[in-house]
Amino acid sequence: MNKEYALGIDIGGTNSVFGLVDKNGEVVFEDSIATASCEEAINLVDAIYSVLEQKNLLNKIQGIGIGAPNGNFHSGSIEFAPNLSWKGKIPLAKLFSEKFKVPATLTNDANAAALGEKKYGVAKSLSHFITITLGTGLGSGIIIDNQLLYGHDGFAGELGHIRVIPNGRSCGCGRKGCLETYASATGIVRSINELESNNKHDSPLLKLTQPQATDIFNLAKQGDLFAQEIVNFTAKTLGESLADFTCFSSPEAYVLFGGIAQNGEEFTKKVKQYMENAMLIIYQNKVKVLTSELHHKNAAVLGASSLVWK
Ligand SMILES: [Zn+2]
């Protein structure tokens with residue numbers, strides 16, 4: 001039997017998505033498992049194994065690429081991920097490779113998304129860009145000179161934990177004011193309670209029992225002033241941060257990926273506007289803000305799978 005597929009896995013705070021991908025980036029099989037339903041990491045390994053066993057796909061896998069929060073490329077471990085219930089250091093690449101009997105490589109989930117964007121997405125022709133993933137948290141993957149930046153110990157690019165508001169919101173990392181506590185699916189929902197506004201009391205947002213990021217975008221489109229304030233505040237916090245990040249690696253573009261970015265052009269345009277307003281003059285009008293086109297294909301699964309072909 002030909003081992004023609006890479007198993008790409010994107011471990012998220014909510015769901016873990018996995019897919020079999022061929023060398024052309026075609027996903028031939030995809031499924032997902034609720035991450036929180038797996039008490040230990042090994043339960044997730046076993047669950048994915050049994051799904052693929054039932055589908056008779058195990059012997060077609062050449063290797064495994066994993067994107068995970070706080071995933072360390074060098075050690076193959078997830079280390080102290082604030083958005084996962086698994087604590088401490090988990091040697092995930094080793095667990096997968098022992099179970100599946102094929103090589104497994106692990107990287108940070110946002111790094112995997114950047115690799116997917118470079119190989120199959122809007123960044124195909126770009127040599128310098130930063131992918132920003134707006135999920136449960138905010139992740140980033142930095143590409144410089146066509147190379148992913150890992151840093152000395154494999155943790156480069158944790159832009160979600162740059163502190164943007166002094167003594168601001170408490171973050172899962174134990175510190176305060178991190179960007180991801182404002183610009184992420186959970187951050188935008190926190191704004192419903194934590195943002196001061198005169199328009200607050202009339203807003204239907206306060207009447208929802210479990211409001212989601214999409215409710216805020218929908219109500220903003222329908223003209224709710226408080227929802228519009230939240231969207232603007234989120235775009236401003238993110239856009240001004242992107243202006244600052246530009247000083248570091250002078251990227252050609254930022255690629256926004258994930259739940260919030262899927263709300264489309266309007267949000268991306270606002271982020272770009274706030275970024276330009278705050279930008280150092282030498283960078284003005286040179287840096288694009290793009291929206292990923294891989295949402296429906298899952299850039300992180302594709303990117304994780306591309307680790308196998310290297
Ligand atoms: Zn933080």
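**Entry 1: domains.** Domain bounds here come from an automatic or database domain assignment. I am working with a predicted model, and I began with how its chain is divided. I found domain 1 at 5–115 + 298–306 and domain 2 at 124–291. I then looked up the separation of their centres, taken over C-alpha atoms, and got 26 Å. For the contact, I noted 18 residues from domain 1 and 18 residues from domain 2.

Which helix gives the most to the side of domain 1 that touches domain 2? I found helix H3 (residues 109–120), with 6 residues. I also sorted that side of domain 1 by residue type: 8 nonpolar, 9 polar and 1 charged.

**Entry 2: a helix pair.** Two packed helices are described by the angle between their axes and the distance between the axes. I looked up both for helix H1 (residues 41–54) and helix H2 (residues 92–100): the axes come within 10 Å and cross at roughly 35°. I noted the crossing of H1 and H2 as right-handed.

Next I listed who meets whom. From H1 I have Ala41, Ile42, Val45 and Tyr49, and from H2 I have Leu92, Leu95, Phe96, Lys99 and Phe100. By type, the contact of H1 with H2 holds 8 nonpolar residues, no polar ones and 1 charged.

**Entry 3: the buried face of H2.** I checked burial along H2 and found Leu92, Ala93, Leu95 and Phe96 buried. Why do I say they line one face of the helix? Seen down the axis of H2, the buried residues fall within an arc of 165°, so they line one face. I also asked myself what these buried residues pack against. My list has H1, strand E4 (61–68), strand E6 (77–79), strand E7 (89–90) and strand E8 (104–108).

**Entry 4: positive phi.** I stayed with H2 for one more look: Lys101 follows the helix, and its phi is positive, near 60°.

Then I turned to Asn56, a residue other than glycine with a positive phi near 60°. I located Asn56 in the loop between H1 and E4. Is Asn56 buried or exposed? I count Asn56 as exposed, because it has 9 other C-beta atoms within 10 Å and the cut-off for exposed is 12 or fewer.

My last stop was Phe80, which is not a glycine but has a positive phi of about 55°. I placed Phe80 in the loop between E6 and E7. Phe80 has 15 C-beta neighbours inside 10 Å, so I put it down as partly exposed.

How values were computed:
Residues numbered from 1 in each chain as written. Predicted model: local features only at pLDDT ≥ 70, side-chain atom pairs only at ≥ 80, totals over all residues. Contact = placed C-beta atoms within 7 Å. Helix = DSSP H or I, 4+ residues; strand = E, 2+ residues; numbered from the N terminus. Nonpolar A, V, L, I, M, F, W, Y, C, P; charged D, E, K, R; others polar. Axes fitted to C-alpha atoms, helices over the stretch in contact; angles between N-to-C directions. Left-handed = near helix turned anticlockwise from the far one by under 90°. Buried ≥ 20, exposed ≤ 12 C-beta atoms within 10 Å, placed from the backbone. Arc of directions from axis to C-beta.
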